[in-house]
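Here are a few notes to read with the picture open beside you. Take them one at a time, and find each residue as you go.

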Amino acid sequence: MHIPRLETNMPILSPTSNRKGRVSLSIDQDLLDRLEPFKQEVNLSAQTETMLSALVDELESRQWATRNAESLAAHGKAIQSTGLAGAEFERT
């Protein structure tokens, strides 16, 4: 049985990168008003960067799973029909 090769070249984004870009955001004014008392405690740029990094990680993971769905299914079928290699994986 042929199992297609999985793609593993997913880029990794680091929220601590030295290269910075600029972006303009529109944020609900009520939310900004609620944030006002905490403005000395919150680095909005760092928090946004962290949230966007997590979002991009999730989207890339979904994209990878979609691209590799056929390979993953074939691998699962191969394991189901032949079992995992190695005595440590023997089902008793």
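The points below start with the overall fold, then move to a pocket, a surface patch and the salt bridges.

1. First things first: this is a predicted model, so keep that in mind as you look around. The protein has three helices and zero strands. Walk along from the N terminus and you'll read the elements as α-α-α.

2. How much of the protein counts as buried? Out of 92 residues, the share is 9%. To be in that group, a residue needs under 20% relative accessible area.

3. Now have a look at the second largest pocket, which holds about 160 Å³ of space. Its lining is made by L25, I27, L31, L32, L35, V42, L44, Q47, T48 and M51.

4. What sort of residues are they? Eight residues of this pocket's lining are nonpolar and two are polar, while charged ones are absent.

5. Next, the surface. V23, L25, I27, L31, F38, V42 and L44 form a nonpolar patch there, and together they have about 610 Å² of accessible area.

6. You'll find V42 in the loop between α1 and α2. Is V42 buried, partly exposed or exposed? Its relative accessibility is 32%, so V42 counts as partly exposed.

7. On to the charged pairs: the structure holds three salt bridges. One of them joins the side chains of K20 and E49, at 3.0 Å from N to O. This pair ties together distant parts of the chain, since K20 sits in the segment before α1 and E49 in helix α2, 29 residues apart.

8. The two partners in that bridge differ in how open they are. K20 has a relative accessible area of 56%, so K20 is exposed. E49 is at 24%, so E49 counts as partly exposed.

9. Another salt bridge pairs E36 with K39, and their closest N and O atoms are 2.8 Å apart. E36 is partly exposed, because its relative accessible area is 43%.

10. The side chains of E58 and R62 make a salt bridge too, with 3.0 Å from N to O. Why are E58 and R62 separated by about one helical turn? Because they are four residues apart in helix α2. E58 has a relative accessibility of 39%, so E58 counts as partly exposed.

Technical notes
Residues are numbered from 1 along each chain as its sequence is written. This is a predicted model: local features need pLDDT of at least 70, side-chain atom pairs count only at pLDDT 80 or more; totals for chains, interfaces and linings use all residues. Side-chain values use heavy atoms; hydrogens and water are left out. On a 1 Å grid over the protein atoms alone, a cavity is a set of points where a 1.4 Å probe fits but cannot get out, and a pocket is an open set with protein on both sides within 12 Å along at least five of seven lines; lining residues have an atom within 4 Å of a point. Grid points are joined across faces, edges and corners, and a volume is the space filled by probe spheres set on the points. Ala, Val, Leu, Ile, Met, Phe, Trp, Tyr, Cys and Pro count as nonpolar, Asp, Glu, Lys and Arg as charged, and the others, Gly among them, as polar. Patches are made of residues with over 30% relative accessible area and no salt bridge: like charges are joined within 9 Å, nonpolar side chains (Val, Leu, Ile, Met, Phe, Trp, Tyr) within 5 Å. Accessible areas come from the Shrake-Rupley method with a 1.4 Å probe; for residues, only the protein chains shown count as cover. A salt bridge is a side-chain nitrogen of Lys or Arg within 4 Å of a carboxyl oxygen of Asp or Glu. Helices (H or I, at least four residues) and strands (E, at least two) are DSSP runs, numbered from the N terminus. Buried means under 20% relative accessible area, exposed over 50%, partly exposed in between (1.4 Å probe, protein chains only).
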